[in-house]
Amino acid sequence: MTQLQRYAGRRVLVTGGGSGIGQASVLRVLAEGGRVVAADISETGLKDTTAKAGDAADRLHTVVIDISDEASVRAGVGAATEWLGGLDTLVNAAGVLRSAHFEETTLADFEQVLRINLVGTFLVTRESIAALRAGNGPAVVNFSSTSALFAHPYMSAYAASKGGIQAMTHALAQEFSKQGIRFNAVQPGSISSGMTDGTGEAKQSIGPGLPEDTDYSLFAKTAPALPLADGAIFAGPDSVASVVAMLGSDDAYFITGTEVRVDGGSHM
Ligand SMILES: NC(=O)c1ccc[n+]([C@@H]2O[C@H](COP(=O)([O-])OP(=O)(O)OC[C@H]3O[C@@H](n4cnc5c(N)ncnc54)[C@H](O)[C@@H]3O)[C@@H](O)[C@H]2O)c1
């Protein structure tokens, strides 16, 4: 349990709050005294987050949202800011990972990944800007990935979406700097979550959904350098939530337009 209380009095919206790193970020902000709206397309995931919030659930509200749908985002962000009475921190954690051979990637698959990860981050951020502008020490934490800058095979659409988010984060940091809204990104890698926990060989390597004839030697450079307990190769989502909490709080008041890589040193 953290002793920090950086979120006392802060109002926070976390997309993807029903699973993995988004859920861990919700729980971390609650533990630090914040009020949080967890938004996710998965109602089941949101129920799980509420159950895990325990005694802090009275400072948690949930909203079902599809970040790739403009009307859903407008309604969801509106409901969130109304319940919170404003907005100080936005965490754009919602996203999807689809892996495939490049030549077998359909246009629909490619566009869906871009639509959810990149366009979704755009939509939620745009709808949140007015509330953030009126917020206290407003901050946005976006989700890039190690795949944005380092070579991850079979994930061209995902890598493109995450590179786009990183570039957009820098552009927005500059555009809103004089209005005091900070924009930063995290670059997770090798984190245990709904996205990466598969079965069999996938669980032992990089994640589910890879092609059957995947050449795992292409992932040789993505193994974490830092050792984990019990020989695990993926770290828990709390490893990223702690950094999200720092970037979204006033502790990071002089940090904007950059990213923090959280990958156990796999891309040093
Ligand atoms: N796990 C890793 O190693 C890793 C590495 C790099 C980046 N990331 C990023 O971290 C973020 C969180 O992912 P995670 O690893 O915790 O995976 P996760 O699958 O556990 O969580 C993603 C959440 O996003 C939600 N979501 C998906 N599509 C949505 C939509 N259209 N609208 C609203 N919610 C939607 C899902 O329901 C899920 O709850 C993602 O942006 C992901 O790309 C993760």
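This report describes the ligand site of a predicted model and then a set of individual residues elsewhere in the chain.

## The ligand and its surroundings

The ligand is surrounded by 28 residues, and the closest are Ser19, Ile21, Asp40, Tyr158 and Ser193. By residue class, this shell comprises 13 nonpolar, twelve polar and three charged residues. Two helices, H1 (20-31) and H5 (156-175), each supply at least two residues of the shell. The space that the ligand takes is the largest pocket.

In the backbone, an N or O atom of Ala93 lies 2.9 Å from a ligand oxygen, and an N or O atom of Ile191 lies 3.0 Å from a ligand oxygen. From a side chain, an N or O atom of Lys162 is 2.8 Å from an oxygen atom of the ligand. Taken alone, the ligand exposes 810 Å², of which the protein buries 92%.

## Buried residues in a strand and a helix

Thr89 belongs to strand E4, which spans residues 89-92. Its relative accessibility is 0%, so Thr89 counts as buried. A polar atom of the Thr89 side chain lies 2.7 Å from the backbone oxygen of Gly248.

Ala80 is placed in helix H3, residues 70-84. With a relative accessibility of 1%, Ala80 also falls under the 20% limit and therefore counts as buried. The C-alpha atoms of Ala80 and Ala38 are separated by 8.5 Å, although the two residues are 42 residues apart along the chain.

Is Ser190 buried or exposed? Ser190 sits in the loop between E6 and helix H6 (200-204). Its relative accessible area is 15%, and because the limit for a buried residue is under 20%, Ser190 is buried. The phi angle of Ser190 is near 60 degrees, a positive value in a residue other than glycine.

Asp230 is located in the loop between H6 and helix H7 (238-247). Here too phi is near 60 degrees, positive in a residue that is not glycine. The relative accessibility of Asp230 is 84%; this is over 50%, so Asp230 counts as exposed.

## Partly exposed loop residues

Gly180 lies in the loop between H5 and strand E6 (182-188). Its relative accessible area of 38% lies between the limits of 20% and 50%, and Gly180 is therefore partly exposed. Between the C-alpha atoms of Gly180 and Gly45 the separation is 33 Å, and the two residues stand 135 residues apart along the chain.

Thr256 is found in the loop between H7 and strand E7 (258-262). Thr256 is partly exposed as well, with a relative accessible area of 37%.

## C-alpha separations

The C-alpha separations described above are gathered in the following table.

| Residue pair | Distance along the chain | C-alpha separation |
|---|---|---|
| Ala80 and Ala38 | 42 residues | 8.5 Å |
| Gly180 and Gly45 | 135 residues | 33 Å |

Definitions and conventions. Residues numbered from 1 in each chain as written. Predicted model: local features only at pLDDT ≥ 70, side-chain atom pairs only at ≥ 80, totals over all residues. Heavy atoms only, no water. Near = heavy atom within 4 Å. Polar contact = N/O pair within 3.5 Å; in protein donor to acceptor, adjacent residues only side chain to side chain. Areas by Shrake-Rupley, 256 points an atom, 1.4 Å probe, with all protein chains shown as cover. 1 Å grid on protein atoms, 1.4 Å probe; cavity = no way out; pocket = protein on both sides within 12 Å on 5 of 7 lines; lining within 4 Å. Sits in = over half its atoms within 2 Å of the grid points. Helix = DSSP H or I, 4+ residues; strand = E, 2+ residues; numbered from the N terminus. Nonpolar A, V, L, I, M, F, W, Y, C, P; charged D, E, K, R; others polar. Buried < 20%, exposed > 50% of the residue type's maximum accessible area, 1.4 Å probe, protein only.
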